[in-house]
Amino acid sequence: MLKIYDYKGFPNPTRVRIALAEKDLLDEVEFVSVNVPEGEHRLPAFRKKNPSATVPVLELADGTCISECTAITEYVDNLVGEPVLTGKSGQERAVIHMMQRRAEAGLLDAAATYFHHATPGLGPKIEVYQNREWGESNRARAVAGMRYLDEVLAARPFLAGDRLTMADITAFAGLAYAAIGKIEVPAGLDRLQSWHARVASRPSVMRAL
Ligand SMILES: N[C@@H](CCC(=O)N[C@@H](CS)C(=O)NCC(=O)O)C(=O)O
């Protein structure tokens, strides 16, 4: 059985849980909770699985450990059925990866940096180095990311085309991160808001949260 080390409710673990739900694999996985707020992910035992000391991590039956949500999603998407989240043709795969990275760098990672540096974040045990100015500058980056995604949605219903892909999952988790950090979506981004409502109401997403 596949094992996922994560912490339910945190934005990055949610990305993988949504991918699993989209592939109807949620029940095929054993979830192992890692106590991130208490710093369990920074202990040597977990660093052996992921030297970056982050969740989620997928562990295969042969002991191979895969971290990074995009890499885990690639694995899960190709496990059963057609790869619907990461694309089939070279062009599809390229566009999905490009949009995924834009959503990740421009929104999710920016919101995460704001949260960890300019707010109490996960508390003093975890936030051993904070740079408030760097954090604040990432708030503006996250808002710019939201504006960019809203523009993309003027041309198509989902970020990489006409159906949900890994890029949408990343952006959805990015908005969740922004909400945790109290970074509001600026008024007028109606396409982003209606896309968000559409993604949030998918049965897979509701199962994964
Ligand atoms: N790029 C990584 C990001 C993973 C990540 O940052 N996860 C957070 C939880 S949402 C974490 O483990 N944080 C631990 C920490 O900040 O020490 C991925 O795609 O998996």
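Me: How many nonpolar residues does the shell around the ligand have?
Reply: This is a predicted model, in which local features need pLDDT of at least 70 and side-chain atom pairs pLDDT 80 or more, while totals for chains, interfaces and linings use all residues. Residues are numbered from 1 along each chain as its sequence is written, and side-chain values use heavy atoms, without hydrogens or water. Ala, Val, Leu, Ile, Met, Phe, Trp, Tyr, Cys and Pro count as nonpolar, Asp, Glu, Lys and Arg as charged, and the others, including Gly, as polar. By class, the shell around the ligand holds three charged residues, four polar ones and, as nonpolar residues, seven.

Me: Which helix gives the largest share of the shell around the ligand?
Reply: Helices (H or I, at least four residues) and strands (E, at least two) are DSSP runs, numbered from the N terminus. Four residues of the shell, its largest share, come from residues 11–22, which form helix H1.

Me: Which side chain has a polar atom 2.7 Å from a nitrogen atom of the ligand?
Reply: For Asn12, a polar side-chain atom lies 3.5 Å from a ligand nitrogen atom. His41 places a polar side-chain atom 2.8 Å from an oxygen atom of the ligand. At 2.7 Å from a ligand nitrogen atom lies a polar side-chain atom of Glu68.

Me: Why does the pair of Tyr5 and Phe46 tie together parts that are apart in sequence?
Reply: Rings of Phe, Tyr and Trp (its six-membered ring) pair if their centres lie within 6.5 Å, with planes under 30 degrees apart stacked, over 60 edge-to-face and the rest tilted. By this rule there are three aromatic pairs. Tyr5 and Phe46 form an edge-to-face pair, 6.3 Å centre to centre and with 65 degrees between the planes. Tyr5 belongs to strand E1 (residues 2–6) and Phe46 to helix H2 (residues 44–49), so the parts tied together are apart in sequence by 41 residues.

Me: What is the phi of Asp24?
Reply: Asp24 has its place in the loop between H1 and strand E2 (29–33). Although Asp24 is not a glycine, its phi is positive, at about 55 degrees.

Note on methods: Polar contact = N/O pair within 3.5 Å; in protein donor to acceptor, adjacent residues only side chain to side chain.
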